[in-house]
Amino acid sequence: MFFERPQSGERAILVHIELSSDADSEDPRELEELALSAGADPVEFLTGSRADPSPKFFLGAGKVDELRALVRQHEAELVIFNHALSPAQERNLEREIQCRVLDRTGLILDIFAQRARTHEGKLQVELAQLEHMSTRLVRGWTHLERQKGGIGLRGPGETQLETDRRLLRARIKSIQKRLEKVRTQREQGRRSRRRAEVPTVALVGYTNAGKSTLFNRVTDSGVYAADQLFATLDPTLRRVELDDVGPAILADTVGFIKHLPHKLVESFRATLQETVEASLLVHVIDCYDEERQDHIEQVHAVLREIGAEEVPSLQVYNKIDMLAGQSPRIDCDEEGAPQRVWLSAQNGEGVDLLMDAIRQRLSGDMFHDTLCLDPSQGQLRAQLYAQGGVVTERVDDQGRISLEVRMPMRDIRQLLSRLQIPAERYLPEPVH
């Protein structure tokens with residue numbers, strides 16, 4: 001950190017205030033889960049209600065006194081607010097209660113910093129932290145706001161605060177440049193997948209819905225999965241084979257959360273681009289969670305923010321092992337297309353149904369018909385066999401071949417184009 005703060009620790013007091021001016025307030029239980037994920041030990045929960053937050057302390061004078069008494073009683077080293085605090089409010093509260101104060105955004109940033117494993121993930125977290133910190137530098141340098149003076153202290157004519165802000169801006173610019181390079185590399189990978197027409201399936205959902213457990217179950221990977229918020233931070237991509245589709249890329253992504261800090265969405269745009277450019281989103285939902293409908297809406301809100309609301313999606317209701325009387329199943333729409341899959345990633349029930357649903361959604365544009373070939377078209381026959389598209393074959397007395405073919409429409413179009421055979425000879429006219 002760039003500034004001195006009271007010694008930090010793990011014993012924490014949590015603060016949640018119901019504001020009548022806030023129609024979409026945070027969940028107090030979620031704050032406790034976030035604090036536990038960050039490694040804090042919550043010892044007290046201070047709650048209350050106000051019409052509007054106080055500009056100076058966010059809390060009223062009485063609540064500030066109550067908070068100060070709780071800090072002393074429990075010898076707490078950290079106070080966490082379930083709200084976004086302004087830099088002035090954080091500074092005033094720290095001065096008043098003599099204890100480190102953290103708001104919801106700072107807490108989420110801290111969890112992200114702990115979870116980042118890859119070089120890219122660490123850069124993204126550092127960028128978000130620096131941008132968040134840049135507005136809060138002043139509280140650590142109140143004793144150094146005057147310009148330096150005296151023998152050996154005459155410097156560049158700027159205050160310590162100005163120096164730190166300049167260094168901060170330089171570091172932010174450097175990270176943004178390096179992340180731009182990562183974005184370019186990721187874009188090259190996506191372009192090559194698009195050229196090869198390999199579909200990408202991205203797992204999305206609220207944090208702790210079970211995405212990584214499902215990812216491990218489908219791909220036999222060892223991705224870190226735990227019953228805590230933001231267990232996954234760095235995206236992981238694995239290749240899977242799907243009947244009728246061929247190879248596909250399955251991507252495990254960072255979980256979303258209510259009011260995900262905008263700085264994080266911006267910093268993680270390179271990672272979230274996998275979601276934007278996916279062929280199909282698999283929206284994993286914790287069906288045991290009482291707040292599941294609210295969480296679904298929050299995921300949709302983040303998808304809108306990153307521009308992924310138009311990507312086709314398949315809902316997966318996970319954790320059916322925790323619901324009595326629920327068994328694995330697929331819910332389809334009127335046209336028979338899968339819309340919802342009920343499963344348990346923990347014990348594997350229904351995962352085969354999910355793979356079947358993904359296959360149906362990705363192979364919606366399938367060619368399944370009988371082709372009549374002349375004996376001279378042996379090359380086309382051989383290529384159809386090589387691509388595994390032939391179901392049955394019959395040969396009549398004149399040597400004409402009838403092939404029952406089932407394969408993705410894009411594959412047969414590519415094949416006919418490669419052999420310079422007019423597509424309209426065998427394929428139906430595309431519907432516009």
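**Exercise 1. Find how strand 5 and strand 8 pair, and describe the surroundings of strand 8.**

Step 1. Strand 5 (residues 200-205) and strand 8 run parallel and share five bridges; strands are DSSP runs of E with at least two residues, helices are runs of H or I with at least four, and both are numbered from the N terminus. Two strands pair if DSSP finds at least two bridges between them.

Before going on, note that this is a predicted model, in which local features need pLDDT of at least 70 and side-chain atom pairs count only at pLDDT 80 or more, while totals for chains, interfaces and linings use all residues. Residues are numbered from 1 along each chain as its sequence is written, and side-chain values use heavy atoms, leaving out hydrogens and water.

Step 2. Now turn to strand 9 (residues 313-318), which is parallel to strand 8 and joined to it by six bridges. Here Val-284 stands opposite Val-316.

Step 3. Follow the chain: strand 8, helix 10 (residues 292-306) and strand 9 make a right-handed β-α-β unit. Right-handed means that, with the strands pointing away from the viewer, the path from the first strand over the helix to the second runs clockwise.

**Exercise 2. Decide whether the faces of strand 8 are covered or open.**

Step 1. In a regular strand the side chains alternate between the two faces of the sheet.

Step 2. On one side are Leu-280, Val-282, Val-284 and Asp-286, and on the other Leu-281, His-283 and Ile-285.

Step 3. All of these are buried, so both faces are covered; buried means under 20% relative accessible area, exposed over 50%, and partly exposed in between (1.4 Å probe, protein chains only).

**Exercise 3. Describe how helix 7 packs against helix 11.**

Step 1. Helix 7 (residues 211-219) and helix 11 (residues 351-362) meet at about 85 degrees, with axes 11 Å apart. Axes are lines fitted to C-alpha atoms, for helices over the stretch in contact, and angles run from 0 to 180 degrees between N-to-C directions.

Step 2. Helix 7 is therefore roughly perpendicular to helix 11 (65 to 115 degrees).

Step 3. Leu-214, Arg-217 and Val-218 of helix 7 touch Val-351, Leu-354 and Met-355 of helix 11, where contact means heavy atoms within 4.5 Å.

Technical notes. Angles under 35 degrees count as roughly parallel, over 145 as roughly antiparallel, 65 to 115 as roughly perpendicular and the rest as oblique.
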